[in-house]
Amino acid sequence: MYYKFSGFTQRLTGAVSSSAYSPQGLRSNIPSESPTIIFATPTKLVSESSAAVEYMGGNKVPDLQRIFQASDEIPVHLKRGVPDRLLYRTTMALTVGGALYCLVALYIAAQPKNK
Amino acid sequence: MAHQAHAYHMVDPSPWPLTGAIAALLMTSGLAIWFHFHSTTLMTLGLILLLLTMYQWWRDIIREGTFQGHHTPPVQKGLRYGMILFITSEVFFFLGFFWAFYHSSLAPTPELGGCWPPTGITPLDPFEVPLLNTAVLLASGVTVTWAHHSIMEGERKQAIQSLALTILLGFYFTALQAMEYYEAPFTIADGVYGSTFFVATGFHGLHVIIGSTFLAVCLLRQIQYHFTSEHHFGFEAAAWYWHFVDVVWLFLYVSIYWWGS
């Protein structure tokens, strides 16, 4: 049995074997390159488009999208570089250190003085 | 980003489930250690680890959704189901407290004097601060809807202002509740009346604080242009949660404050 993704019901439906080679309802004679993802950006009035009248700061989302969509095989939690790594290593150190400390504390708690 | 021929989100391996699980271990063990040895070190460690995990996990979800575009319509559908199931579980959590309240109040035992409120308990007047609290929460329900429509219509300034107003109303509610607790003529140790009253309203208060935090994160994200008029599920989830908290208050007000007095 072969499956394809139905764009109408948003779930998998049965399909003929040939559709496994052209998924997503793509026709076989069309290159299977997926289209670039288009992000909607907040709608802006013409009068608001100059930086001087931006209410509470400018829009940095497109820059961040460029940073986070860079194809560098770095997982999302480290993608921002040094600050991410610093925070991740602190958290991991607390996790490992805390787990060991916890095991020691529970071991001590399991040895009552008055047996 | 690699090209993919389907609309689903293939997540990167993440350390946060592990760090979150260890945080839970540290907090529960830390609680036991606190009770037995009067040391809060392990529990504090667990709390710090939990806060670090929450910050980084949710930060990553914002990155995946807003900056990487992984929250496609079928992915959003999954998020919606998740939030609906979460709120459903919260409904049953509160149902338990209402069950305890009605179990105790509908047939008061002889030990309570056979009446409700029990003999010796002076309840709070439901038409003073609790009624004001009801009005405050209902008003915040209006302002959060105003914020939603502002986001949908691309009215950035109005969205920021109405969302800020919602959060301020949330803080006002919390402040009023804190004052009521301080002034209350009974305590959590005053029999089943005190227990049911403070456990139910206390957990509700905690949920108001969580909901205000959720909305505050949405306000920061709105200021930073994360929400578009078409795609703003983070805000919608916060609004659903806020309405849930609002409805629970209405039941608390009618049952415990009004009928129960």
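In this predicted model, chain B contains 7 helices and 0 strands. Its pattern along the sequence is α-α-α-α-α-α-α. The C-alpha atoms of chain B occupy a box of roughly 70 × 50 × 30 Å along the principal axes. Chain B has 261 residues, and 46% of them count as buried. Among contacts in chain B with a separation of 6 or more, 73% join residues 24 or more positions apart.

The accessible surface of chain B is about 13,000 Å². Carbon and sulfur atoms contribute 73% of that surface. Chain B carries 7 positive and 15 negative side chains. The centres of these two sets lie 19 Å apart.

The peptide bond from B:Trp116 to B:Pro117 is cis, with omega near -5°. B:Tyr225 is not a glycine, yet its phi is positive, at about 65°. B:Tyr225 is buried, with a relative accessible area of 6%.

In chain A, A:Glu73 also has a positive phi, of about 60°, although it is not a glycine. A:Glu73 sits in the loop between helix H1 (61-68) and helix H2 (82-109) of chain A. A:Glu73 is exposed, with a relative accessible area of 77%. An unreviewed UniProt entry places a "transmembrane region" at residues 86-110 of chain A. Over residues 86-110 of chain A, the model is 96% helix and 0% strand. The end C-alpha atoms of this stretch are 36 Å apart.

Technical notes. Residues are numbered from 1 along each chain as its sequence is written. Chains are lettered from A and ligands numbered from 1 in the order in which they are written. This is a predicted model: local features need pLDDT of at least 70, side-chain atom pairs count only at pLDDT 80 or more; totals for chains, interfaces and linings use all residues. Side-chain values use heavy atoms; hydrogens and water are left out. Helices (H or I, at least four residues) and strands (E, at least two) are DSSP runs, numbered from the N terminus. Buried means under 20% relative accessible area, exposed over 50%, partly exposed in between (1.4 Å probe, protein chains only). Contact means heavy atoms within 4.5 Å. Accessible areas come from the Shrake-Rupley method with a 1.4 Å probe; for residues, only the protein chains shown count as cover. Lys and Arg count as positive and Asp and Glu as negative; His and the chain ends are not counted. The place of a charge is taken as NZ of Lys, CZ of Arg, CG of Asp or CD of Glu. UniProt positions are given in the numbering used here, feature names are shortened, and annotations may be inferred rather than shown by experiment.
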